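Please read them with the coordinates open.

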Amino acid sequence: MSQTNPTIVRTRFAPSPSGPLHVGGARTALFCWAYAKAHDGSFILRIEDTDQKRSSDAACQALMHDLRWLGIDWDEGPEFDGIGGGDFGPYFCSKRLDIYHKYIDQLIDEGKAYRAFETPQELDAARSDAKRQKHNYRYDRSALKLDQATIQAYLDEGRPYVVRFTLPNDEPILVRDEVRGEVTVDPKEMDDFVILKADGYPTYHFAVVIDDESMNITHIIRGQEHLNNTAKHVLLQDALGFRRPVFAHLSLIFNPDGSKMSKREKAKAARKAASAFLQSKPTEDVEAWLSHLTSFDMKIGDLVRNSQQRHLHLYQEVEHLFSPTDFRSFLDGDTDEPGIAHLIADDLGVDLPEIDVQDFRVSGFLPQVLVNYLALLGWSPGNDVEKFDHAFLIEHFDLDRIIKSHAKFDRDKLLAFNLDAIQAMSPKQFHDLWYAHCREYHPKFVEKLSPERFDMLAAANQSRSKTLDDTVKSSQFFIMADDAIEYEQTKAVRKALCNGDPSGYDHLAAIKPLLADLTDWTKDAIEPVVDKYSQEHANGKLGKVAQPLRIAVSGSTVSPAIFETLAILGREAVVNRITRCLANRQQFLDTSNA
RNA sequence: GACCCCAUCGUCUAGCCAGGUCUAGGACAUCAGGUUUUCAUCCUGAAGACAGGGGUUCAAAUCCCCUUGGGGUCACCA
């Protein structure tokens, strides 16, 4: 874009602190940030907390935490973790009420806005009437016909009112959008919209216009859901004599099935899991399960530390426990409360779809990978370039390569990118990251493994970790008690243990003393012993011996490379587990034949 | 329903604005083969798209129109 005047680029991300940061919001923030940085400008974070009922400080903190985790730092905005501040504050709408009121008064004085006294109920009724008669609802401007004496009388008696903006004329409204081109909106599609709510707070439309002007915002990059609203903003800017910033509206991100990515996804998945679980249960069991669920202590802090409930959100400040009634109405689909969805999912051991930034964090995605992927979802640098970092974005990002069509979120591709990034790390980098992830979300891993063993496990897992979390899940047997290992009743396990002559069990019995006698318990010492054994007794087929060993120590056919696995577990655990596996031989044969 | 936006492999996209070099390129996923002590990797290969119809033009994935399909907005939410 040609910048003819030397205006300094200023972009802003203006989220509402009413919930966790959604990937869609994160992408908007990323694009605002990238554009500002690419043009030597400033990126501003402003908290749009004009909805008193839904805003919370905890959500705001979580939001900023997520932004910083992604590496999206703001030049101006709320102070947080060493950044923020600035000369155009306050950066919370709720602290700018006097500014809004000044402009509201101005508009009323100039006859460009007026007070209206209808109640929300009256308006709802009028709206549903209009809907029934199949025509579009527009506010009928009856408050405009009120004479001054009546208005004064209403004000004197303290009747609540809103302020509406008077639509100026019938001229089509032209919005220039950097990604969509010129969009015209017929004012007949709008009505005298509310700019000040009865509680004295401005609506989004009003606050955003005032704030963007007073904070010198030059470029407004936001989701396409605001495209229609932009006409209102333009009208307001004209009425107030404000400058008109550059607009760029981003298309939305969807689920692979084409549905909108929203918190409802979590509720849907949790309900599905619950109904599968409840299917065959008698009524009393359902009751018992519900009361079991309500017994969780929902205090923040504990929640996040508790690995069983690691998905529960930082932002949630739940004062009271959910009641069985809450759960029931959730299961009936009357509410989509994500807290309940996570409780159910954790209890049932199912994964919920990741839709919020923090979901991706607990799932073990790397922030730079998420940023890379998100940038690619709606923007393309061209030339088949796909992998890039923050610095590349700062260098190359611009509005002209923003994609106009909607995109579906492809989790498999994200996963592939994450694996690539993990494999590209140095062993030390991976170790440190994996350690931090375990300490945060799986503290038992850090507590139960000695540092030496933890280090070995990290090294053994790096190249097979699609996320920081998936190898933690598949490595549970490393921290289990020897007698807690359960042998999977699967075809693969049976085959490895029972088939052939000698069978896997026979090999285990034969190799056990060789391992028990090993004095130097390292990968390099174990390997030749097992290799030599398989040369002599299994036609050199290492798998014939390795698989039974793997099952004996882990309970399943999946683990890191076998010699590393044995080395990490230690001789005592390995021998114990082989002994126990052999002792279970008859029982295993009986039950697996049954 | 009204208005607005969008349309290239299953998915994300390059190519489109400045029409020919496009028998449409890449990535993820899929399939086949190979490597490997399991899983995951890794290597090689294959299959796979210009939504449909009209124009404009010597020439259209590229420009225009219509249809169809998808999405968004229509709050004292943002």
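The points below go from the whole chain to single residues.

1. Basis. This is a predicted model, in which local features need pLDDT of at least 70 and side-chain atom pairs count only at pLDDT 80 or more, while totals for chains, interfaces and linings use all residues. Residues are numbered from 1 along each chain as its sequence is written, chains are lettered from A and ligands numbered from 1 in the order in which they are written, and side-chain values use heavy atoms, with hydrogens and water left out.

2. Overall make-up. Chain A has 27 helices and 13 strands; these are DSSP runs numbered from the N terminus, with helices being H or I of at least four residues and strands E of at least two. The C-alpha trace of chain A spans about 100 × 60 × 40 Å along its principal axes.

3. Burial and surface. Of the 594 residues in chain A, 49% are buried. Buried means under 20% relative accessible area, exposed over 50%, and partly exposed in between, with a 1.4 Å probe and protein chains only. The accessible surface of chain A is about 28,200 Å², and carbon and sulfur atoms account for 49% of that surface. Areas come from the Shrake-Rupley method with a 1.4 Å probe, and for residues only the protein chains shown count as cover.

4. Contacts and charges. Taking contacts in chain A between residues at least 6 apart in sequence, 74% join residues at least 24 apart; a contact means heavy atoms within 4.5 Å. Chain A carries 70 positive and 90 negative charges, and their mean positions are 4 Å apart. Lys and Arg count as positive and Asp and Glu as negative, with His and the chain ends not counted; the charge is placed at NZ of Lys, CZ of Arg, CG of Asp or CD of Glu.

5. Aromatic pairs. There are 18 aromatic pairs in the structure. Rings of Phe, Tyr and Trp (its six-membered ring) pair if their centres lie within 6.5 Å; planes under 30 degrees apart count as stacked, over 60 as edge-to-face and the rest as tilted. The pair of Tyr103 and Phe242 is edge-to-face, because the ring centres are 5.5 Å apart and the planes stand at 85 degrees. Tyr103 belongs to helix α3 (residues 97–109) and Phe242 to the loop between α7 (229–240) and β11 (246–250), so this pair ties together parts that are 139 residues apart in sequence. Tyr103 and Phe242 are both buried.

6. With centres 5.3 Å apart and planes at 40 degrees, the rings of Trp434 and Phe454 make a tilted pair. Trp434 is in helix α17 (residues 427–441) and Phe454 in helix α19 (residues 451–461), so the parts tied together are 20 residues apart in sequence. Trp434 and Phe454 are buried. Elsewhere, ring pairs join Phe31, Trp379, Phe388, Phe392 and Phe397 into a cluster.

7. Charges over rings. Arg164 has its charged end over the ring of Tyr139, 3.7 Å from the centre, and Lys281 lies over the face of Phe277 at 4.5 Å from the ring centre. The test is NZ of Lys or CZ of Arg within 6 Å of the ring centre and within 35 degrees of the ring normal.

8. Ile104 is in helix α3 and is buried, with a relative accessible area of 2%. Beyond its neighbours within four places in sequence, Ile104 is in contact with Val163, Ile195, Leu196 and Phe206. Asp211, in helix α6 (residues 204–214), is buried at a relative accessible area of 0%. With neighbours within four places again left aside, the contacts of Asp211 are Arg46, Glu48, Cys93, Arg96 and Tyr100.

9. Backbone points to check. Most residues other than glycine have a negative phi, and most peptide bonds are trans. The peptide bond from Gly89 to Pro90 is cis, with omega near 0 degrees; Pro90 lies in the loop between β4 (83–85) and α3. Asp40 has a positive phi of about 55 degrees although it is not a glycine; Asp40 is in the loop between α1 (23–38) and β2 (42–45) and is exposed, at 72% relative accessible area. Phi of Lys134 is likewise positive, near 55 degrees. Lys134 lies in the loop between α4 (120–132) and α5 (148–156) and is exposed, with a relative accessible area of 78%.
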